[in-house]
Amino acid sequence: MGDDRVIEFLGYKWTLDQYDDRLAARAYVSKFFYYKLSAFEKRILIEAGPVVSTTDHWKAKRIWQFMEERDGHVDDDAVLQAYGPDRSKILSLLFDRLVNEHLREINRCIKCNRVLRTWSAVRCPWCKSSWRKQDVQHPLANPRPELDSRGIPLL
Ligand SMILES: [Zn+2]
């Protein structure tokens, strides 16, 4: 029998049954390793649409200026292409790369191995376990989690 209580997790609202380890890991690395992305990668993560130099919209123009100054120049054509028919594939590859690069740095529950909300969390929103920080090693030292065929951590 499932638990139908909704759990808020890094932008998702899931019940325990809806937990998706791949999406949870993506959300975690997107939040905590965003700074590691290239200027181009940061630019194409904007869901509202392509932010390019030729935009007419004043708000998009300000975002474009801000991102050019903060991250450096990104080619308009490359950005527009990332919003084309291959967008979901491009984003999927980006997230998979980010997750793979930081697999050992994702903070996971010591009991159920699901992804936690922050790198310093000591309470699991999923199985409700809690522990003391001194009981566990830093996530960097955690072994790569064992996953089943659907990519869900083995308990
Ligand atoms: Zn747990």
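Visitor: Which residues of α1 are buried?

Guide: The buried residues of α1 are D21, A24, A25, R26, Y28 and V29. A residue is buried if 20 or more other C-beta atoms, placed from the backbone, lie within 10 Å of its own, exposed if 12 or fewer, and partly exposed in between. Please keep in mind that this is a predicted model: local features need pLDDT of at least 70, side-chain atom pairs count only at pLDDT 80 or more, and totals for chains, interfaces and linings use all residues. Residues are numbered from 1 along each chain as its sequence is written.

Visitor: How is a helix such as α1 picked out, and what should its residues span?

Guide: Helices (H or I, at least four residues) and strands (E, at least two) are DSSP runs, numbered from the N terminus. The expected span of a helix is 1.5 Å times one less than its number of residues. For the twelve residues of α1 that gives 16 Å, and the end C-alpha atoms are 16 Å apart, which agrees.

Visitor: What covers the buried residues of α1?

Guide: The cover includes β1 and α5. Contact here means that the C-beta atoms of two residues, placed from the backbone, lie within 7 Å. A24, for instance, touches F9, Y19, R114 and V115, leaving aside residues up to four places away in sequence.

Visitor: At what angle do the axes of α1 and α5 cross?

Guide: Axes are lines fitted to C-alpha atoms, for helices over the stretch in contact, and angles run from 0 to 180 degrees between N-to-C directions. The axes of α1 and α5 cross at roughly 80° and come within 9 Å. That makes α1 roughly perpendicular to α5, a label for angles of 65 to 115 degrees (under 35 is roughly parallel, over 145 roughly antiparallel, the rest oblique). A25, R26 and V29 of α1 make the contact with F95, L98 and V99 of α5.

Visitor: Which residues form the largest nonpolar core?

Guide: A nonpolar core is a set of buried Ala, Val, Leu, Ile, Met, Phe, Trp, Tyr and Cys residues joined through C-beta atoms within 7 Å. The largest one has eleven residues: F9, A24, A25, Y28, V29, L98, I106, C109, V115, L116 and C124. Helix α1 gives the most to this core, with four residues.

Visitor: Where is L10, and what is its phi near?

Guide: L10 sits in the loop between β1 (7-9) and β2 (12-14). Its phi is near 45°, a positive value in a residue other than glycine. L10 is partly exposed, because 17 other C-beta atoms lie within 10 Å.
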